[in-house]
Amino acid sequence: MDDSDRLSALRAELVERLGRERYELWVGPQTSLELTLHALRVGARSQFELQCVRRHVHASFAESCRLICGHDVAIEYFVQLAENLPVKTDGKLVQQSLLDESLAPVKDVMPATLIQQPPVATKKPPRSAGSAMSRSTFANFVSGPCNELAHRTTIAVAERLGHYGPLFLYGPSGIGKTHLLYAMLHHLRGTNSLVRALRLTAEQFTTEFLDALNQRTLASFRHKYRSVDVLLIDDIQFLVNKRATLDELLVTIDSLQEKGKQVILTCDTSPTDLLKVSSELATRISGGLAVPLEMPDFATRQALVRKFIAEMHPVIGMAIDDETVVVIATQVAGSARQLRGAINRLIVTSQALRKPLTADLARSILAEYMQQITPTVRLADIQRAVCEVFGVEASSLKSASKVRNVAEPRMLAMWLACQFTRSALGEISEFFGRRSHSTVISAQKKIERMVSQGDNVSTGHLNCSVEEAIRKVQQKLRRA
């Protein structure tokens with residue numbers, strides 16, 4: 001078998017091992033392969049592409065070459081250089097194939113089965129004052145009824161590491177779980193420089209674990225994660241259906257627990273739902289502290305708005321009044337992340353229009369913003385959701401009745417229509433049987449005032465705060 005036959009056999013074997021789709025993605029015509037009896041040369045067009053090919057296909061290269069050649073072969077990775085392309089260097093034109101020693105081939109001189117690929121050394125940029133960890137401290141965490149328990153518990157764990165068992169923080173995305181992890185790191189590095197703490201995402205843990213498997217560096221990987229004092233892993237819901245990574249994480253947790261070390265995990269699902277990820281992991285969690293974080297309530301949203309504006313004030317030189325704060329906190333009844341995005345939109349639009357950021361401008365801008373970040377909703381969807389939550393008939397919402405049991409659900413329906421649909425004010429007023437769009441504007445302001453005052457709505461079917469009623473209707477809309 002000559003070299004060309006070996007290469008054809010290699011490509012066929014790679015297609016068999018990887019599947020056609022993965023072969024085209026990672027190898028395909030964009031990757032050059034040269035196979036002799038004793039070596040395989042793999043070329044890619046850039047260092048980044050080369051690293052991707054090496055990471056995902058190295059094991060398959062080694063096994064396929066062993067099968068075809070009957071023994072282990074050395075594998076050489078190199079960046080392909082354009083042939084005969086003149087490039088100017090030091091004032092002279094030279095052939096590009098002679099340029100840049102940093103792009104020269106990196107040879108694996110050991111047999112493929114014994115190769116341990118060294119990590120590419122990269123110089124990390126200095127941590128800026130505005131980095132995630134420097135911004136995220138216990139002191140600037142906005143605490144309220146929705147997250148106070150998680151805030152206090154994380155501080156208690158930071159002061160008595162390993163005493164309470166694993167800490168599990170759970171709740172929807174964008175509500176402060178990662179902030180608390182960074183705050184823990186910030187606290188530990190400020191109070192005890194000898195504590196070895198490591199924070200990463202579950203996706204990063206998975207990638208490093210798979211790299212260690214492929215490169216036969218599991219011993220180094222395990223030493224790295226099992227020798228720390230505090231291990232913080234974000235978003236463990238990522239580990240669904242990743243059995244091998246889950247097993248490795250469980251052993252790592254057990255190893256750290258036996259040494260009295262601290263493990264902190266975050267997830268967007270509850271401990272009960274975590275059973276779908278791993279019953280064994282749920283069991284480990286049950287032996288520690290499982291603490292929920294919820295979507296921010298109205299008072300917490302107001303505090304978040306003021307905090308975000310204060311953080312940006314030195315740069316933008318803009319302040320907002322209390323009425324505008326109420327409008328933002330009312331209309332964006334979502335996560336802290338959504339609030340920050342809304343404030344960014346308000347500030348940029350205000351500056352672009354050269355208008356002060358007033359409550360009226362905020363209402364118009366946020367109506368469009370909320371429509372963009374939520375699924376398409378029709379007026380009929382809002383009517384149906386409000387009727388289900390309040391137990392009223394659709395005909396009542398469109399009637400002339402002004403009794404409280406009908407008027408308040410109608411006002412809320414019009415407010416939600418402004419939030420979640422692209423309908424004009426006149427179209428909304430007509431749909432709900434009103435004569436003028438001014439009725440819709442009045443309903444907007446009335447609902448905002450009721451939310452800010454913590455007022456209740458009461459029908460024969462429902463008795464709760466306006467904010468809770470809004471959440472109930474939003475849940476219905478999300479399920480629609």
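The paragraphs below go through a predicted model, from its confidence to a strand, a helix pair and some loop residues.

The chain has a mean pLDDT of 81, and 86% of its residues reach 70 or more. Residues 82-130 fall below 50, although in the model this stretch has 65 contacts beyond near neighbours in sequence.

Strand β7 covers residues 167-170. In a regular strand, side chains alternate between the two faces of the sheet. In β7, L167 and L169 point one way, F168 and Y170 point the other way, and all are buried. Strand β7 is joined to β10, residues 262-267, by four bridges, and the two strands run parallel. In this pairing Y170 stands opposite C267. Four bridges also join β7 to β11, residues 289-292, again in a parallel arrangement. Here L167 is the residue that stands opposite L289.

The next element pair is helical. The axes of α7 and α9 come within 10 Å and cross at roughly 100°. Angles from 65 to 115 degrees count as roughly perpendicular, so the two helices α7 and α9 are roughly perpendicular to each other. From α7, the contact is made by F205, T206 and F209, and from α9 by A244, T245, E248, L249 and T252. Sorted by class, this contact of α7 with α9 has four nonpolar residues, three polar and one charged.

Most residues other than glycine have a negative phi. R216 is not a glycine, yet its phi is positive, at about 60°. R216 lies in the loop between α7, residues 202-215, and α8, residues 218-226. Its relative accessibility is 53%, and because exposed means over 50%, R216 counts as exposed.

D235 also has a positive phi of about 60° without being a glycine. D235 is located in the loop between β9, residues 230-234, and α9, residues 243-258. With a relative accessible area of 31%, D235 is partly exposed.

Is S136 buried or exposed? Its relative accessibility is 10%, and since buried means under 20%, S136 counts as buried. Leaving aside residues up to four places away in sequence, S136 touches H179, Y182, A183 and H186.

Key. Residues numbered from 1 in each chain as written. Predicted model: local features only at pLDDT ≥ 70, side-chain atom pairs only at ≥ 80, totals over all residues. Heavy atoms only, no water. Buried < 20%, exposed > 50% of the residue type's maximum accessible area, 1.4 Å probe, protein only. Contact = heavy atoms within 4.5 Å. pLDDT = per-residue confidence, 0-100. Axes fitted to C-alpha atoms, helices over the stretch in contact; angles between N-to-C directions. Parallel < 35°, antiparallel > 145°, perpendicular 65-115°, else oblique. Nonpolar A, V, L, I, M, F, W, Y, C, P; charged D, E, K, R; others polar. Pairing = 2+ DSSP bridges.
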